[in-house]
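Subject: Structure handover

Hi there,

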Amino acid sequence: MTVDVWLPIPPEEIEGLPEGPDYLFWDGGEDFPADPADCAFYVVPYMKSSETGVRPLPAMGSVEVVQTLSAGIDHVQPGLKYLRPGVRLCNARGVHEASTGELALTLVLASLRGVPDFVRAQDKGEWLGGFRPALADRSVLIVGYGSIGSAIEDRLTPFELARVARVARSGRTTERGPVHPLTELPALLPDADVVILSTPLTETTRHLVDAEFLARMKDGALLVNVARGPVVDTKALLAELESGRITAALDVTDPEPLPQGHPLWQAPGVLISPHVGGPTSAFLPRAKRLVVDQLGRFVNHEPLRNVILTTGPTE
């Protein structure tokens, strides 16, 4: 019996899809491409709202795999309660490391070297000289040391840093050095010149960066968020930015999109990019490779990659 696979990329544009399934294109449009009840493998549309990605799940009584094309799964989790037990939820580990690593480095360098000030001065035809902080000789703390956190360190390595500290949910040892558990984060914050957030959004990390976290950061430190907006308590961050004690570079915000008139837009010392860590020219080839590999495994009844959780009776 043929099974349906829903793809947010037209199947004719993906080379190497295994034979057998019926491939259907759906990128979040109003009309479904077929009956959701017949879908066995659902690739969630990328860069769409949580409501869009979750919309077909209540009717997907036969689905076996839900595959995101994002590193995070928080936008899909509200729909897991609709799924029967045994459905595997997979993320896009391996797709966004290059793009997000590049952006994290870009935000750090642009903020330290004052690039936004140069752009504003150029608009006014002004020559804005003077000394600026360098990344060299700085101490960097990476909060969230999965594949993206590791990719960020890859790109920081050539910049002659004084040191890099790494924090993850649980401690471990890597070739580069120790990864500290979250419980040690308070002791590490005061020594960091740059704090980069690349952690998933979970109940543990929601508002991880609160007033207490920010108060432990050293004067003049830079906070960079390429994770999820709600990892940071926006009200607490605004208070620190408006005091001028720290600066920030944010690819994600809470709320998001950031509405016109929100005080973050005008806060001193903040650089904001509109959640562009993932959508670059590097995305599509890596996303296609992931989809082909996962579907090959699915068709051949081999273990899938990137399984984050399997639904059970309590989901």
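Let me start with a pair of strands: β6 (residues 139-143) and β7 run parallel and are joined by 5 bridges. Within this pair, V143 sits opposite V167 of β7. Two strands are called paired here if DSSP finds at least two bridges between them. The element names are DSSP runs numbered from the N terminus, with helices being H or I of at least four residues and strands being E of at least two.

A word on the origin of all this: it is a predicted model, in which local features need pLDDT of at least 70 and side-chain atom pairs count only at pLDDT 80 or more, while totals for chains, interfaces and linings use all residues. Residues are numbered from 1 along each chain as its sequence is written, and side-chain values use heavy atoms, with hydrogens and water left out.

**The eight-stranded sheet**

β6 and β7 belong to an open sheet of 8 strands with mixed pairing, in the order β8-β9-β7-β6-β10-β11-β12-β13. Its edges are β8 (172-174) and β13 (270-272); each has a single partner strand, so one side of each is left without a neighbour in the sheet. On average, neighbouring strands here are turned by 20 degrees against each other, direction ignored. Axes are lines fitted to C-alpha atoms (for helices, over the stretch in contact), and angles run from 0 to 180 degrees between N-to-C directions.

Helix α2 lies across β10 (194-197), β11 (222-225), β12 and β13, and runs at about 150 degrees to β11. Helix α7 (residues 234-243) also packs on the sheet, where it touches β11, β12 and β13, and its direction makes about 130 degrees with that of β12. Contact means heavy atoms within 4.5 Å.

**Two helices that cross**

Two packed helices are described by the angle between their axes and the distance between the axes. For α2 (residues 97-113) and α4 (residues 147-156), the axes come within 8 Å and cross at roughly 55 degrees. The two helices are therefore oblique to each other (under 35 degrees counts as roughly parallel, over 145 as roughly antiparallel, 65 to 115 as roughly perpendicular, and the rest as oblique). Their crossing is right-handed, meaning that the near helix is turned clockwise from the far one by less than a right angle.

Which residues of α2 and α4 meet? From α2 they are E97, A98, T100, G101, E102, A104 and L105, and from α4 they are S147, I148, A151, I152, R155 and L156. By class, this contact has 7 nonpolar, 3 polar and 3 charged residues. Ala, Val, Leu, Ile, Met, Phe, Trp, Tyr, Cys and Pro count as nonpolar, Asp, Glu, Lys and Arg as charged, and the others, Gly among them, as polar.

L156, in helix α4, counts as buried at 1% relative accessibility (buried is under 20% relative accessible area, exposed over 50%, partly exposed in between, with a 1.4 Å probe and protein chains only). Leaving aside residues up to four places away in sequence, L156 touches L105, L135, V140, I142, L161 and I196.

**The six-stranded sheet**

There is also an open sheet of 6 strands, again with mixed pairing, in the order β2-β1-β3-β4-β5-β14. The edge strands β2 (22-25) and β14 (307-310) each pair on one side only.

In strand β3 (residues 39-43), 5 of the 5 residues are buried, so the strand is largely enclosed by the rest of the structure. β1 (residues 4-7) runs parallel to β3, with 3 bridges between them, and D4 stands opposite C39. β3 also pairs in the parallel sense with β4 (residues 65-67) over 3 bridges, with V65 as the bridge partner of F41. Helix α9 (residues 283-299) lies across β1, β2, β3, β4 and β5, at about 160 degrees to β3.

**Backbone points to look at**

Most residues other than glycine have a negative phi, and most peptide bonds are trans. Here are some spots to check against that:

- D254 and P255 are joined by a cis peptide bond, with omega about 10 degrees.
- E256 and P257 are also joined by a cis peptide bond, with omega about -5 degrees. P257 is in the loop between β12 and α8.
- M47 is not a glycine, yet has a positive phi of about 60 degrees. M47 counts as partly exposed at 49% relative accessibility.
- E160, in the loop between α4 and β7 (163-168), has a positive phi of about 55 degrees. E160 is exposed, with a relative accessible area of 59%.

Best wishes, and happy browsing!
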